[in-house]
Amino acid sequence: MRNESLTPEAVPASPVGLSPPISPVTSRHPKGALVDKFGRHVTYIRLSITDRCDFRCSYCMAEEMTFLPRAQVLTLEECLRIAGTFVDLGVTKVRVTGGEPLVRHNAIWLLERIAGLSGLKELVITTNGSQLDRFAAALRAAGVRRINVSLDTLRSQRFREITRVGDLAKVLRGLDAAQAAGFERLKLNTVMMRGVNDDELIDLVQFAVDRAIDIAFIEEMPLGDIGHARQSTYFGSEEALARLQTRFVLLPSTETTGGPARYWRIPGTSTRVGFIAPHSHNFCDTCNRVRITARGELYPCLGNNDAGKLLPLLRAYPSDDGPLRAAIVRTLGIKAKGHDFGNQMSTPQVVRFMSMTGG
Ligand code: SAM
Ligand code: SF4
């Protein structure tokens, strides 16, 4: 039986020798088994390590949120076991997300261990930046290579309105700390919203250029009932690109960071400007990723409700990864060909909030 007093939640950061046993590759599901019925190889997982967050962004959450009871959330050891099993099956990139991953106690413990998984090429994290001033150096030391920081505005009052509770100055201090910590790349993620922040797209790109970092603009997706319709604030990538071209020369680039963004370069700068356009440029044909929620559900497609439940298997078979591997491969079999958000902006068909699936 596991000694609860030795779980990473209960000990200081960086405990030694506490990694859970990951059983050897004995299953009939070998490395490279993660191919769906449309021939797409899954090499990338997005792992949400908490549904909790210290912000309440208006496009992501309802104002009053009920979070999961702790017993229904993956322990850090279970997160590691899931990551390890996926890497054994051929996944090479893990993004840790949330909710806000850095509000999870001992997140660094987990990140250090995921970074050490044999076969993993890239560990990255998406954060709202609120805790980065405290954790940037530790994240770099843990082996995180790239960080995405969500930033929708450069104006404090507006930041407070969008996040409902956030403090822009703290996030900017976090960004400074991340730049000082020497990550391979930093990227800003900006959700575009008409009448909310579309007048700042140029300023945000200039901010990225001044800091020599990347920026990606995201079309708002209809995930979860946030208490208001989204059609009126939807702002598409084509319009954003046209607006940016009034100020910057943007050259299309074939570069990819392994995600869905399409990139443009601004000559004379190191900044890449990306667009994540799930509405206007559906990227499903080349989808290489799946998502795991904080309660251990495996969602093969962000835009569909079909999922496999991994948590019961983790707990029923604490030292045998065979059933877990089989469930992962089986769930990949239901990966949808694609999603269509077009008709869902007023009434979302995907009922879970983005904070559950982690973006
Ligand atoms: N809390 C972290 C953060 O904000 O970066 C990580 C989790 S958050 C769910 C991941 C990303 O999803 C963020 O960049 C956020 O802006 C984006 N996001 C949340 N809700 C969204 C929505 N409805 N449509 C598009 N992007 C969304
Ligand atoms: Fe929290 Fe990120 Fe959702 Fe904002 S987008 S509420 S920071 S999980």
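In this predicted model, a backbone N or O atom of Gly-99 lies 2.9 Å from a nitrogen atom of ligand 1.

| Residue | Protein atom | Ligand 1 atom | Distance |
|---|---|---|---|
| Gly-99 | backbone N or O | nitrogen | 2.9 Å |
| Tyr-59 | backbone N or O | nitrogen | 3.1 Å |
| Thr-127 | polar backbone atom | oxygen | 3.2 Å |

Which elements give two or more residues to the shell around ligand 1? They are strand 3 (122–127), strand 5 (185–192) and strand 6 (214–219).

Now for the shell as a whole. Ligand 1 is surrounded by 20 residues, and the closest are Tyr-59, Gly-99, Thr-127, Ser-150 and Met-221. Sorted by class, this shell holds 10 polar, 6 nonpolar and 4 charged residues. If you like to check against a record, the unreviewed UniProt entry lists Tyr-59, Gly-99, Ser-150 and Met-221 under "binding site".

Two of these residues deserve a visit of their own. Tyr-59 sits in the loop that runs between strand 1 (44–48) and helix 1 (76–88). Is Tyr-59 buried or exposed? Its relative accessibility is 14%, so Tyr-59 counts as buried, the cut-off being under 20%. Gly-99 has its place in the loop between strand 2 (93–97) and helix 2 (107–115). Gly-99 counts as buried too, because its relative accessibility is 16%. Bear in mind that these burial values consider protein chains only.

Let us turn to the aromatic rings. How many aromatic pairs does a search of the whole structure find? The search finds 3. One of them is formed by Trp-264 and Phe-275, with 5.6 Å from centre to centre and 85 degrees between the planes, an edge-to-face arrangement. This pair links distant parts of the chain: Trp-264 belongs to strand 8 (residues 262–265) and Phe-275 to strand 9 (residues 272–276), 11 residues apart. Trp-264 and Phe-275 are both buried. Ring pairs also bring in Phe-217, giving a cluster of Phe-217, Trp-264 and Phe-275.

Methods:
Residues numbered from 1 in each chain as written. Chains lettered and ligands numbered in written order. Predicted model: local features only at pLDDT ≥ 70, side-chain atom pairs only at ≥ 80, totals over all residues. Heavy atoms only, no water. Near = heavy atom within 4 Å. Polar contact = N/O pair within 3.5 Å; in protein donor to acceptor, adjacent residues only side chain to side chain. Helix = DSSP H or I, 4+ residues; strand = E, 2+ residues; numbered from the N terminus. Nonpolar A, V, L, I, M, F, W, Y, C, P; charged D, E, K, R; others polar. UniProt positions renumbered as here; feature names shortened; annotations may be inferred. Buried < 20%, exposed > 50% of the residue type's maximum accessible area, 1.4 Å probe, protein only. Phe/Tyr/Trp six-rings, centres within 6.5 Å; stacked < 30°, edge-to-face > 60°.
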